Amino acid sequence: MALLSSTIKQALRAEYGQKLSERRESFNLTKAQLDAVINAIDGWIDANAASFNSAIPQPQRGLLTAAQKADLFFRVALARFGG
Amino acid sequence: MASGDTLIVFTPYANEPPSASYATLDTRNAHPVLDFDGSADEEAVFTGILPRNYAGGGLTVYLHVMFTSATTGSAYWQAAIERMDDGTLDLDADSFAAFQGAAGNPNGTSGVMTLVTITFTTGAQMDSLAAGEAFRLKIRRDADGTAGTDDVTTDAELVAVEIKET
């Protein structure tokens with residue numbers, strides 16, 4: 001799976017900035033620092049996608065779409081870390 | 001009018017937003033503010049008349065701003081003036097003079113305002129605006145950092161604008 005394009009990553013950064021602003025949540029990363037975080041997460045997902053997929057038991061692994069697996073990953077991570 | 005005296009004050013409800021990329025009206029603890037995005041440039045526009053007692057000097061625009069989330073970093077602000085002289089300017093098109101700009105750093109306490117100072121020399125920078133003439137003042141946060149460093153990821157909030165004679 002290819003890494004996210006710079007356009008998508010910039011949109012992600014903008015969306016996250018708006019979300020933080022709406023919540024008036026304290027946040028002091030610069031744009032460049034946030035870009036580096038997004039790049040690192042994108043890279044980690046790319047490097048570990050196969051491992052993540054293998055962790056899902058069969059036959060569920062074969063029945064779920066990639067988007068469904070990503071959605072579940074997102075929800076479990078948010079539930080674990082209180083997002 | 002002496003140098004240093006206040007000429008005019010604008011607050012968020014006086015904003016005449018452009019058709020796109022406009023700062024959005026919001027409140028913070030019941031204070032009206034205009035939210036300027038952290039990623040895309042956004043603008044606010046105010047119309048006024050330069051007071052008759054203006055003595056012909058340069059202008060200093062003070063922006064009183066807060067930041068929703070940031071207590072460090074640097075934001076870049078710009079201002080431009082459009083002289084709307086009677087009998088000359090066709091208001092069907094914009095004719096702002098060049099932007100002047102300045103940085104504004106978030107206060108260490110969110111909710112405490114920062115004063116951003118943008119200066120205009122008399123003449124072309126202020127579109128040759130004269131006493132008694134109508135004008136528009138455009139305020140922009142240069143969030144994409146085209147003209148100056150803006151590394152604050154989140155929103156800035158404009159509380160009030162003062163124009164004084166420099």
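Reply: Helices (H or I, at least four residues) and strands (E, at least two) are DSSP runs, numbered from the N terminus. This is a predicted model, where local features need pLDDT of at least 70 and side-chain atom pairs count only at pLDDT 80 or more, while totals for chains, interfaces and linings use all residues. Residues are numbered from 1 along each chain as its sequence is written, chains are lettered from A and ligands numbered from 1 in the order in which they are written, and side-chain values use heavy atoms, with hydrogens and water left out.

Me: How many bridges join β4(B) to β9(B)?
Reply: These two strands belong to an open sheet of 4 strands in chain B, with the order β4-β9-β6-β7 and antiparallel pairing. One spot to look at is G48(B), which stands opposite F135(B) in β9(B). The number of bridges joining β4(B) to β9(B) is 8.

Me: Which strands of chain B are the edge strands of that sheet?
Reply: In the order β4-β9-β6-β7 of chain B, look for strands that pair on one side only. That picks out β4 and β7 (100–104) of chain B.

Me: Is E43(B) buried or exposed?
Reply: The side chain of E43(B) meets that of R140(B) in a salt bridge (2.8 Å, N to O); the term means a side-chain nitrogen of Lys or Arg within 4 Å of a carboxyl oxygen of Asp or Glu. The pair links distant parts of the chain, with R140(B) in strand β9 (residues 134–141) and E43(B) in strand β4 (residues 42–49), 97 residues apart. Buried means under 20% relative accessible area, exposed over 50%, and partly exposed in between (1.4 Å probe, protein chains only). R140(B) is partly exposed at 22%, whereas E43(B), at 11%, is buried.

Me: How many residues apart in sequence are the parts that R28(B) and E157(B) tie together?
Reply: R28(B) and E157(B) form a salt bridge, with the closest N and O atoms 2.7 Å apart. R28(B) lies in strand β2 (residues 24–28) of chain B and E157(B) in strand β10 (residues 156–165) of chain B, so the pair ties together parts whose separation in sequence is 129 residues.

Me: Which residue of chain A is joined into one network with D26(B), R28(B) and E157(B)?
Reply: Both R28(B) and E157(B) are buried. Salt bridges that share partners join them and D26(B) into one network with R24(A).

Me: What area is buried between chain A and chain B?
Reply: The contact (heavy atoms within 4.5 Å) takes 15 residues from chain A and 20 residues from chain B. Buried area is the accessible area (1.4 Å probe) that two parts lose on being put together, summed over both. R24(A), N28(A) and K31(A) supply 50% of what chain A buries against chain B, more than any other three residues. Carbon and sulfur atoms give 42% of the area between the two chains, which is about 1300 Å².

Me: Which element gives the most to the side of chain A that touches chain B?
Reply: Two elements give two or more residues to that side: α1 (6–23) and α2 (31–55) of chain A. The one that gives the most, with 6 residues, is α1(A).

Terms used: Two strands pair if DSSP finds at least two bridges between them.
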